[in-house]
There are 2 protein chains.
Amino acid sequence: MKEVARLAGVSPMTVSRVLSAPHLVKPETLEQVQSIIRAVRYVPNRVAGSLASRRTSLVGLIIPSLRNALYAETIQGISDVLQRHGLHLMISDSGYSLEREEALISAYLSQRPCGLILHNTTHTEAARHLLQDSGVPCVETGNLTTQPIDMAVSYSNREAGRAMADHLLSRGYRRFGFASLPISGNERLRERRDGFFDGLRAAGIEIDPAMVLEVGEGLENGSHALAELMRRDASVQALFLAGDVLAAGAILECTRRGLRVPGDIAIAGSDDNELMQQTVPPITTVRFPRYRIGVRSAELIVSRQEEERSQPDTQSATEDLGFEIVPRGST
Amino acid sequence: MKEVARLAGVSPMTVSRVLSAPHLVKPETLEQVQSIIRAVRYVPNRVAGSLASRRTSLVGLIIPSLRNALYAETIQGISDVLQRHGLHLMISDSGYSLEREEALISAYLSQRPCGLILHNTTHTEAARHLLQDSGVPCVETGNLTTQPIDMAVSYSNREAGRAMADHLLSRGYRRFGFASLPISGNERLRERRDGFFDGLRAAGIEIDPAMVLEVGEGLENGSHALAELMRRDASVQALFLAGDVLAAGAILECTRRGLRVPGDIAIAGSDDNELMQQTVPPITTVRFPRYRIGVRSAELIVSRQEEERSQPDTQSATEDLGFEIVPRGST
DNA sequence: TTGTAAGCGTTATCAA
DNA sequence: TTGATAACGCTTACAA
């Protein structure tokens, strides 16, 4: 910057203004400086800028897994908003471990980000403290929480589970099975499952513990879940496969076995992805507004940031973006 | 840090050492300082650290689209390696636009990252200059390039296309169709398509331009592609659907139409994802080592970084990680 | 093993 | 509209 200033015959401060507040610079000076900047291909150093201004352009995102296509929509929503505001996204995965999440939060806070987004609402004690003390705007997402650390943008997994129970009951099914990814350490799935059980119980139906399964990720494990649940109870009428693409895997397995869906067995999924619409038959599912969640999360952080520049009266927020049962051919 | 130093009765420099070179500190002092750090919940400021050391812990990644599940594997590979080395990943999507890529490169360079990974081998003139002048280690990936800006880790899309042609020819097919996402601005797909045509041509077969289609993303568009190509030539024998999940969409459409695969029509895909293995029949495809590519890309940047600390004799590298034709039921 | 001094490359602040 | 000056919170280099 000094070099640019020297060549343009102005002070470094003027160069700085050309870059970050061009409207404060006389048009001729502006153009003069800009031409030098282009000529020497000057690339400003934001590290220095951030230190001086005590403000970075980094937003941190921690998700349970990068591989899981679920998060892609949310990430795109976040990214779209941040990019419009000149902010940058750091992403890491916690591998579903709260300890790793804590370590990541700590590492991210060292970077003095202008915001943090967590796809998670349960954290270690230490992690909560870190976040609270830091004063960094923080959005929790992935599940509705009554006690957000700062802000939350989500939907109720419990209500979604209950709504799916109501849907299946309304179709006349009475014997159920349930499968999901491992519940431990995943409050989103736990809530969805418990909501489902609540809904059945309200209709006087108790699900057999043997008909509740945890399986690994992937289509293949959806197939396994179907096979195993049918083996355990050949008269089961409806399955709720909560999580990722398990339901699609089950449908594909039905195709392979020549089972009619929903004639022989009804199958419902969650997390509407395009696969759900394209199977034969298309799968009844519960859809969460993932892109919108990314967008709102990012917007909250951006607005927090802009607030800070004017009036620093921080306000917490919890937004419930809802969900939607999408009835299709499989139930 | 000053505050911690004061409370611990040492100089700030000792606190700094406790954090970044603990082996240089006397054990008692170390413990003493660490206990103060915990007590006051001191979170070091890496922005300041980076400015002083002229070294950040940020690696930038630019991919064409965040939504595309293709990149998830590569990202996970990168992330796994970086996390082990205490580095952080910034991710943005260029939306398949070279101009946006250039803008992102420029923005990333301002952050003085310790490396950049581009899922792309064609760039604007300005972008190449920026990268070359910056001296920031840069890995290009996604396609084999003869002229890497710095380093490259990839596979040959052209060879992959040719290999798929050979595979289909060896199965006895002679009338072909091809569909992919839009080719323009996507050198990876162009190469794959051209390689496919090369392979056919070598066997004396020229593909009818009417049987070459570009469609949008998603399963649904795979279905459309199948419908359209069969409409244009009812006697077509084999389709190569290159890109994303188009082939799976086509297979699902065949299921809906009651077409036998490969009896009525053979279908081959690319980018082996789990969907390809689970359809009925499973889809013949070409598999790229996406996770490995992420791993190697990150490793090259890490090793460059460590080199720099010792001997600064930078060396360029192009690594070809190959691909694999996976013959399955659909051809 | 620890400390001192001098930056790192910007921006905030105030004065001109 | 522009400039001088003093930070920002660390690390490097060297000295003790």
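Author: Let's start with a term: a residue is buried when its relative accessible area is under 20%. Keep in mind too that this is a predicted model.

Reader: Thanks! Is B:Gly60 buried or exposed, and at what relative accessibility?

Author: B:Gly60 is found in strand S1 (residues 58–63) of chain B. The cut-off for buried is under 20% relative accessible area. B:Gly60 therefore counts as buried, with a relative accessibility of 0%.

Reader: Which residue has its C-alpha atom 6.2 Å from that of B:Gly60?

Author: Beyond its neighbours within four places in sequence, B:Gly60 is in contact with B:Met90, B:Tyr108, B:Pro113, B:Gly115, B:Leu116 and B:Ile117. One of these contacts is 57 residues away along the chain, with the C-alpha atoms separated by 6.2 Å, and that residue is B:Ile117.

Reader: Let's turn to the two chains together. What is the area buried between chain B and chain A?

Author: On the contact count, 53 residues of chain B meet 53 residues of chain A. Carbon and sulfur atoms give 56% of the buried area. The area buried between the chains is about 4,700 Å².

Reader: Which residue of chain A forms a salt bridge with B:Arg67?

Author: Four salt bridges are found across the interface of chain B and chain A. In the one formed by B:Arg67, the closest N and O atoms are 2.6 Å apart, and the partner is A:Glu73.

Reader: Which element gives the most residues to the side of chain B that touches chain A?

Author: Between chain B and chain A, 30 residue pairs are in polar contact. The elements of chain B that give two or more residues to this side include helix H4 (46–53), helix H5 (70–84), strand S2 (88–93) and helix H6 (98–110). The residues of this side divide into 23 nonpolar, 19 polar and eleven charged. The element that gives the most, with seven residues, is H6(B).

Reader: Which residue caps the N-terminal end of helix H4 of chain A?

Author: This helix covers residues 46–53 and is followed by A:Arg54, whose phi is positive, near 55°. At the N-terminal end, a side-chain oxygen of the capping residue lies 2.8 Å from the backbone nitrogen of A:Val47. The cap is A:Asn45.

Reader: Which residue has its backbone oxygen 3.4 Å from a polar atom of the side chain of A:Arg188?

Author: A:Arg188 sits in helix H9 (residues 187–202) of chain A, and at 5% relative accessibility it counts as buried. Among the residues A:Arg188 touches are A:Pro64, A:Tyr71, A:Tyr96, A:His119 and A:Asn157. The backbone oxygen that lies 3.4 Å from its side chain belongs to A:His119.

Reader: What is the relative accessible area of B:Arg188?

Author: The side chain of B:Arg188 meets that of B:Glu187 in a salt bridge, 3.6 Å from N to O. B:Glu187 counts as buried, at 7% relative accessibility. B:Arg188 is buried as well, with a relative accessible area of 4%.

Reader: How many residues apart are A:Arg192 and A:Asp271?

Author: Their side chains meet in a salt bridge at 3.4 Å, N to O, and both residues are buried. A:Arg192 is in helix H9 of chain A, while A:Asp271 is in the loop between strand S9 (266–269) and helix H12 (274–278). This pair links distant parts of the chain, 79 residues apart.

Reader: By about how many helical turns are A:Arg201 and A:Asp198 separated?

Author: A:Arg201 is partly exposed, with a relative accessible area of 41%, and it forms a salt bridge with A:Asp198 at 3.3 Å between the closest N and O atoms. The two are three residues apart in helix H9 of chain A, so the separation is about one helical turn.

Definitions and conventions
Residues numbered from 1 in each chain as written. Chains lettered and ligands numbered in written order. Predicted model: local features only at pLDDT ≥ 70, side-chain atom pairs only at ≥ 80, totals over all residues. Heavy atoms only, no water. Contact = heavy atoms within 4.5 Å. Buried area = accessible area lost by both parts, 1.4 Å probe. Polar contact = N/O pair within 3.5 Å; in protein donor to acceptor, adjacent residues only side chain to side chain. Helix = DSSP H or I, 4+ residues; strand = E, 2+ residues; numbered from the N terminus. Nonpolar A, V, L, I, M, F, W, Y, C, P; charged D, E, K, R; others polar. Buried < 20%, exposed > 50% of the residue type's maximum accessible area, 1.4 Å probe, protein only.
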